Amino acid sequence: EARFIYIKLVKQVYNMTKVSIGRELGKDHTTIIHALKQFENRFKYEESFRHTTNKIFGLIRFILQSVF
């Protein structure tokens, strides 16, 4: 769960490619593709996951806006 959120967050905030994210995590880009699909699926169908993810992303957006 945390891995899916981390990968989605890095992809959105830093606009990194799947290959770059995989390299940073020591994983193949296909693992990153799978994780992003898992994230999207859970976000779509699991209300608690969506709620938690939205809170995390909201806090990070707030922090980033405060810093920059």
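Reader: Leaving aside neighbours within four places in sequence, which residues is K8 in contact with?
Author: Happy to start there, with the reminder that this is a predicted model, where local features need pLDDT of at least 70, side-chain atom pairs count only at pLDDT 80 or more, and totals for chains, interfaces and linings use all residues. Residues are numbered from 1 along each chain as its sequence is written, and side-chain values use heavy atoms, with hydrogens and water left out. Contact means heavy atoms within 4.5 Å. Beyond its neighbours within four places, K8 is in contact with L36, F39, E40 and F57.

Reader: Does K8 count as buried or exposed?
Author: K8 lies in helix 1; helices (H or I, at least four residues) are DSSP runs, numbered from the N terminus. Buried means under 20% relative accessible area, exposed over 50%, and partly exposed in between, with a 1.4 Å probe and protein chains only. K8 has a relative accessibility of 16%, so K8 counts as buried.

Reader: How are the rings of F39 and F43 arranged?
Author: Rings of Phe, Tyr and Trp (its six-membered ring) pair if their centres lie within 6.5 Å; planes under 30 degrees apart count as stacked, over 60 as edge-to-face and the rest as tilted. By this rule the count comes to 3 aromatic pairs. With centres 5.7 Å apart and planes at 20°, the F39 and F43 pair is therefore stacked.

Reader: Where do F39 and F43 both lie?
Author: F39, at 3% relative accessibility, counts as buried, while F43, at 24%, counts as partly exposed. The two are 4 residues apart, about one turn of the helix, and both lie in helix 3 (residues 29–45).

Reader: Which helix holds F57, the partner of F39 in a pair that ties together parts 18 residues apart in sequence?
Author: F39 and F57 form a stacked pair, 6.3 Å centre to centre with 10° between the planes. F57 counts as buried at 7% relative accessibility. F39 lies in helix 3, and F57 lies in helix 4 (residues 47–67).
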